[in-house]
Amino acid sequence: MLPTPDIKITDPEKVYDPAEDSFLLLDLFEELRDYFKRKEFGHKTPLVVEIGTGSGIVSTFINEYVLPNGYFIATDINPYSCASALQTNKANTTSFNLDAVRCDLLSAIQDHLIDVLVFNPPYVPTESIPSMPTTKNEEYKWMDIALNGGPTGMDITNKVLDSLNRKLSVNGEAYILFCARNKPKQVAANFQSNHDNFKVEQVIFRKAGWEELSIYRFLKVGGTKSTPSA
Ligand SMILES: C[S@@+](CC[C@H](N)C(=O)[O-])C[C@H]1O[C@@H](n2cnc3c(N)ncnc32)[C@H](O)[C@@H]1O
């Protein structure tokens, strides 16, 4: 088993502490090491983007053990997460090939460039999603922003799924985490029926207490056919 990166969270009350979902991603990427050794990126440096990096644990792990030759962009809407991700990365690698960018989802990333996308979203079903903190007194909201996914837990993830065809490179792939209440099988089937240029499959599943977590791979397999919105 590969070592877990040493986490450097700048502001513990404002940044998501790695949990079962984060560790499921680490275990998956450990399993995928040989897969990525074999994957051709057309002689270019693969661009790896993690949305919602939190402490930076997932990007740092992939950077250190799975795709050391990649260039990494770790995004988060939470500025404290971006600062933490940079520190975590610096504390665990000497490769200095990760930038942390504060933005909404993929808004700072060009279309058609991402080779590997990773997202552990706010997936918990909740009545609503909190607005962004505007004062120091509202900064408690960052933890809700890390977790709350709207009525089916899919409000944020759906936005990413809608942009996937446009954001991924020709043979790009995305790894997205779901809980059972997100109805991931149904989500995957819907996406697949609208995108015949993708292969969608569950790549890992785990019961974590009362929660059932799964990660799906959305792999672009060529062609550009898609729904008009994607
Ligand atoms: C469940 S946490 C995952 C953190 C980390 N990736 C991990 O696995 O430990 C979700 C993260 O998504 C971020 N986030 C929520 N909404 C976002 C948005 N619209 N754009 C970018 N990041 C967002 C949160 O700030 C939080 O850091």
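How do the axes of helix 3 and helix 4 cross, and within what distance do they come? In this model, which is a predicted one, the axes of helix 3 and helix 4, the latter spanning residues 79-92, come within 9 Å and cross at roughly 30°. Since angles under 35 degrees count as roughly parallel, that makes helix 3 roughly parallel to helix 4, and the crossing between them is right-handed. On the helix 3 side the contact is made by I57, T60, N63 and E64, and these meet T88, N89 and N92 of helix 4; divided by class, the residues of this contact are 1 nonpolar, 5 polar and 1 charged.

Let me turn to the other pairing of helix 3. The axes of helix 1, residues 20-31, and helix 3, residues 57-66, come within 10 Å and cross at roughly 15°, which makes helix 1 roughly parallel to helix 3. This crossing, too, is right-handed. Here S22, F23, L25, L26, F29 and E30 of helix 1 meet I57, V58, F61, I62 and V66 of helix 3, and by class the contact has 9 nonpolar, 1 polar and 1 charged residues.

Finally, the ligand, which is surrounded by 19 residues, the closest being S22, G52, D76, D104 and L105. Of these, D76 places an N or O atom of its side chain 2.6 Å from an oxygen atom of the ligand, while L105 has a backbone N or O atom 2.8 Å from a ligand nitrogen. For T53, a polar backbone atom is found 3.4 Å from a nitrogen atom of the ligand. S22, then, is listed both among the residues closest to the ligand and among those of helix 1 that meet helix 3.

Methods
Residues are numbered from 1 along each chain as its sequence is written. This is a predicted model: local features need pLDDT of at least 70, side-chain atom pairs count only at pLDDT 80 or more; totals for chains, interfaces and linings use all residues. Side-chain values use heavy atoms; hydrogens and water are left out. Axes are lines fitted to C-alpha atoms, for helices over the stretch in contact, and angles run from 0 to 180 degrees between N-to-C directions. Helices (H or I, at least four residues) and strands (E, at least two) are DSSP runs, numbered from the N terminus. Angles under 35 degrees count as roughly parallel, over 145 as roughly antiparallel, 65 to 115 as roughly perpendicular and the rest as oblique. A crossing is left-handed if the near helix is turned anticlockwise from the far one by less than a right angle, and right-handed if clockwise. Contact means heavy atoms within 4.5 Å. Ala, Val, Leu, Ile, Met, Phe, Trp, Tyr, Cys and Pro count as nonpolar, Asp, Glu, Lys and Arg as charged, and the others, Gly among them, as polar. A residue is near a molecule or strand if one of its heavy atoms lies within 4 Å of it. A polar contact is a pair of N or O atoms within 3.5 Å; within protein, one must be able to donate a hydrogen and the other to accept it, and residues adjacent in sequence count only if both atoms are side-chain atoms.
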